[in-house]
Amino acid sequence: MRAQTVEVKSSNGRVLCCTVFRPGGKKLLAKGHIISDEDIKILESEGMESIWVTELEEGEVGEDDAVCAVASEMGCGAFEIRLAAGGRANLMATEKCCVLVDDELLKQINCTASVVIATALNFSFAAVGQRIATVKTAPFAVSKAQLEAVTGILKERGPILQARPMRNPTVGVLYTDPLNGERARLLFENIMRQRLERFGVMTHLGLACTEDEGSVSRGLQHLLRSKPSVIMIASTTAPAGPEDVVGQAICRIGGHVERFLAPVEPGNLLLMAYKDEIPIVSAPGCFRSAKANVVDLVLPPLLARYRVSGWEVGCLGHGGLLG
């Protein structure tokens, strides 16, 4: 970029080097603003005759064009791009969604380029209109070669971020207790409702049964018929492992245990399984309180019908200390 002082009347299309203030201190035009004919009239009405501006040199791209180019390649799904002051582009959710982030690709871009990207946390829930990422470049301009290197990586590797929409998510809940399943429903149903409402799920199908292998497997089979986004098992007992009642009941109906134990506190005893493509989650103790726990970390992607792997659960340890 080349900075220079020019006459206001010949500044159309130039980029302001610094913010322009009125005599009383009120901001008139922001740094980085591209001057228009209307701006020239305003500046002249304020008695200004010259102004400090910059001009793009050969091989440079303006900051607004640069951030829009990166933003259009870095994400997919339910979002829109909005330019913001200071050479930024914001990605805003257009539907309630789960934010999925390729952390390694994000690090690569942020560590090597003249562009920086900040995103919401991986697996986080985003409401309509919520900002889920922002892109920023160096002030005023970025090298065209550097910009092409960044967009080239994104085109080759795929998007950094996916805003995966949650469209009509449904939840089945099986309340279990060794003596009386209705006791578990009484203990947990209100907390379950509060938790699900955080993610836009206003109703859920709930069943209650005694915690024995036959009853749990029959309850799961009944819930599976409605093809929910996810099945939650709210038990009053804590399993010792997949070989306990819940794990054995899942295996009895042909399910596959994906993961037992999560590096998250509260929620270490998470058991996550799949029956075909429907996830089944048991998290003993996590339904006694509405405070954040492992359920809040895994529910958004599951409600967006994203298949969470055991490896991804194992990666929750960084930031997994919630309480």
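A word on terms before we start: a pocket here is an open set of grid points with protein on both sides within 12 Å along at least five of seven lines, and its volume is the space filled by probe spheres set on those points. Keep in mind that the model is predicted.

**Stop one: the largest pocket.** Select Val101, Asp103, Leu121, Asn122 and Cys315, which lie nearest the centre of the largest pocket. Around them is a space of about 870 Å³, and the lining comprises 28 residues.

Strands β10 (97-101) and β15 (161-165) each supply at least two lining residues, as do helices α3 (103-112), α8 (294-303) and α9 (310-314). Now switch to colouring by residue class: the lining of the largest pocket shows 15 nonpolar, seven polar and six charged residues.

**Stop two: the second largest pocket.** This pocket has a volume of about 190 Å³. To find it, select Val15, Ile34, Leu56, Gly62 and Phe140, the closest to its centre among the 13 residues that line it.

Then highlight β5 (50-55) and α2 (63-74), each of which supplies at least two residues of this lining. Which element gives the most to the lining of the second largest pocket? Helix α2 does, with three residues.

Technical notes: Residues numbered from 1 in each chain as written. Predicted model: local features only at pLDDT ≥ 70, side-chain atom pairs only at ≥ 80, totals over all residues. Heavy atoms only, no water. 1 Å grid on protein atoms, 1.4 Å probe; cavity = no way out; pocket = protein on both sides within 12 Å on 5 of 7 lines; lining within 4 Å. Helix = DSSP H or I, 4+ residues; strand = E, 2+ residues; numbered from the N terminus. Nonpolar A, V, L, I, M, F, W, Y, C, P; charged D, E, K, R; others polar.
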